[in-house]
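Please walk through this model with me, one element at a time.

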Amino acid sequence: MRTAVVTLGEIFELRRDVLRPGRPRETAAFIEDGHPQVFHIAAYEPDGTLAACATFFPEQLKGEPARAYRLRGMASADAVRGQGYGSAVLRAGMDEARARGAELVWCNGRSSARGFYEHHGFTSVGEEFQLEPAGPHYVFVAKLS
């Protein structure tokens, strides 16, 4: 599988379809998309079809002095879920964040994805919280070496 740093236009429809199904298009737009240091990662199936995506942007984690990038808007197409495309965009995004000087990556991740994040070196920080309308979440943090 191939990953690449891409434009927002390349990944926006997948982000919307997976994370905001049935909701207005603008609900999938993040204010962070306009940050000058934002980057988007895409993973592609062998035939070139977009399979997964994620967005990363510089944002400090409260109480943490390390230079950080935040992960947001990670999505995998239903047809490829569980086939490693989400892992591919996460690894590629962490590598790109490290190359841009980040010392850690963090996100508000769904509680149901805890095993996925832990498998990739993240730890949960703090208590579980509700993020509407998505449901229960944790803050997950991964130190980059």
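**A hairpin and its surroundings**

Strands β2 and β3 make a hairpin with five residues between them. Gly48, in the turn, has a positive phi of about 95°. Strands here are DSSP runs of E with at least two residues, helices are runs of H or I with at least four, and both are numbered from the N terminus. This is a predicted model, in which local features need pLDDT of at least 70, side-chain atom pairs count only at pLDDT 80 or more, and totals for chains, interfaces and linings use all residues. Residues are numbered from 1 along each chain as its sequence is written, and side-chain values use heavy atoms, with hydrogens and water left out.

β2 (residues 39–44) and β3 (residues 50–58) are antiparallel. Six bridges join them; strands pair if DSSP finds at least two bridges between them. Tyr44 has Leu50 of β3 as its bridge partner. Strand β1 (residues 2–6) also runs antiparallel to β2, over five bridges. There, Arg2 stands opposite Tyr44.

Are the residues of β2 buried or exposed? Six of the six are buried, so the strand is largely enclosed by the rest of the structure. Buried means under 20% relative accessible area, exposed over 50%, and partly exposed in between (1.4 Å probe, protein chains only). Both faces are covered. Phe39, Ile41 and Ala43 are buried on one side, and His40, Ala42 and Tyr44 on the other.

Now the aromatic rings. Rings of Phe, Tyr and Trp (its six-membered ring) pair if their centres lie within 6.5 Å; planes under 30 degrees apart are stacked, over 60 edge-to-face, the rest tilted. The count by this rule is six aromatic pairs. Phe39 and Phe56 have ring centres 5.1 Å apart and planes at 5°, so they are stacked. Phe39 belongs to β2 and Phe56 to β3, so the pair ties together parts 17 residues apart in sequence. Phe39 is buried at 1% relative accessibility, and Phe56 is buried at 0%.

Phe116 and Tyr117 form an edge-to-face pair, 5.4 Å centre to centre with 80° between the planes. Phe116 is partly exposed at 27%, whereas Tyr117 is buried at 8%.

A charge sits over a ring if NZ of Lys or CZ of Arg is within 6 Å of the ring centre and within 35 degrees of the ring normal. Arg114 lies over the face of Tyr138, 4.7 Å from the ring centre. The charged end of Arg72 sits over Phe30, 3.8 Å from the centre of that ring.

Next, the largest pocket. It holds about 840 Å³ of space. Its lining has 33 residues, and the closest to its centre are Leu19, Met74, Ala75, Arg110 and Tyr117. On a 1 Å grid over the protein atoms alone, a pocket is an open set of points where a 1.4 Å probe fits, with protein on both sides within 12 Å along at least five of seven lines; lining residues have an atom within 4 Å of a point. Grid points are joined across faces, edges and corners, and the volume is the space filled by probe spheres set on the points. β4 gives the most to the lining, with seven residues.

Finally, His137 lies in strand β7 (residues 135–143). At 4% relative accessibility, His137 is buried. His137 and Asn108 are 29 residues apart in sequence, yet their C-alpha atoms are 6.2 Å apart.
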